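Good morning, and thank you for the time on today's agenda.

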Amino acid sequence: PRCATARGYPRPPATPSPAATLVLLRDRPAGGPEVLLIQRHEKSRFAGGAFVFPGGKIEPDDNPADAARWCAGLDAGAAARRLGLPDAERVAVGYLVGAIRETFEEVGILLAYDEGGRPVRVDAPRFAEHRRACDADNRAFWEMVKTERLLLATDCLVYFAHWITPEESPYRYDTRFFAAPVPAGQDAVADEREIVDVRWLAPGAAVEAAGRGEIALRTPTIKNLGLLDGAASVAAALGSLAARA
């Protein structure tokens, strides 16, 4: 049922805010992929204490007019059609960029290429400074991209799912799910503010751990982990996701 007001009349459902989530994958030595799951702070107003994929709300600053110029291999029209937004190319680009930005803020992993076309290295101290600046102000993300002469690795993102929070929730999100391989040489480090723990788990093992009460998973996370379970490799998992309607 919808929430009621003090007078007893139904309260209109909250308008969902746009959000993007990024499922990062890497191959296990024993075979098959594992995924990055991050634990939200227990006091978070949404999904507090749960293990989720990196991501969050899309901000207006994720979508400046020239955003597509700084994205590798991006056909904005094709991306918009894939997301079911054929008349909203800038909005579609904002989802892609937002997934990359949120992941960098939350766990320090940056999907981008340097000016030589190589995957960017983020172990230099200045990238820790960039991360802190982005966490304080979203506009700092674009300052970093332009200062470092980066191209965002939007060509690596596979769009595969779309979830909207139910109407009875006071906090609602219109969330697009993407997947990508984790860049070589990068690993997740929690920001210790919104994110308090990070774990790499095989999809099936994550669901089993939730069943034992060891971690908390929300329904969209469980369902999307199920899409990855049984894949032979990261490449196979991404290929299967890309083929989804």
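R149 sits in the loop that links α4 (139–147) to β6 (151–152); helices here are DSSP runs of H or I with at least four residues, strands are runs of E with at least two, and both are numbered from the N terminus. This is a predicted model, in which local features need pLDDT of at least 70, side-chain atom pairs count only at pLDDT 80 or more, and totals for chains, interfaces and linings use all residues. Residues are numbered from 1 along each chain as its sequence is written, and side-chain values use heavy atoms, with hydrogens and water left out.

Most residues other than glycine have a negative phi. R149 is exposed, at a relative accessible area of 55%. By exposed I mean over 50% relative accessible area, by buried under 20%, and by partly exposed the range in between, with a 1.4 Å probe and protein chains only.

E192 also has a positive phi, near 60 degrees, and is likewise not a glycine. Its loop runs between β8 (173–181) and β9 (195–201). With a relative accessibility of 59%, E192 is classed as exposed.

Let me turn to two histidines. H41 belongs to the loop between β2 (33–40) and β3 (51–52), and is partly exposed, with a relative accessible area of 27%. Setting aside neighbours within four places in sequence, H41 is in contact, meaning heavy atoms within 4.5 Å, with G48, G49, R193, E194 and V196. Between H41 and P18 there are 23 residues in sequence and 21 Å in space, C-alpha to C-alpha.

H162 is in strand β7 (residues 158–164). Is H162 buried or partly exposed? Its relative accessibility of 38% makes H162 partly exposed. Neighbours within four places aside, H162 is in contact with D174, T175 and R176. H162 and L83 lie 79 residues apart in sequence, yet their C-alpha atoms are 8.6 Å apart in space.

The largest nonpolar core has 51 residues, and L110, L111, F141, L152, L157 and F178 have the most contacts inside it. Such a core is a set of buried Ala, Val, Leu, Ile, Met, Phe, Trp, Tyr and Cys residues joined through side-chain atoms within 4.5 Å. Which helix gives the most to this core? Helix α2 (residues 89–107) does, with nine residues. Beyond its neighbours within four places in sequence, L157 has contacts that include L22, L96, F178 and A180. A second, separate core of 22 residues has F177, L217, A231 and L238 among its members.

Finally, the whole chain. It has seven helices and nine strands. Its radius of gyration is 18 Å, close to the 18 Å of the globule rule for 245 residues, so the chain is as compact as a globular protein of that length. That radius is taken over C-alpha atoms, and the rule is 2.2 Å times the number of residues to the power 0.38. The C-alpha trace spans about 60 × 45 × 35 Å along its principal axes. Buried residues account for 48% of the 245. Of contacts between residues at least 6 apart in sequence, 69% join residues at least 24 apart.
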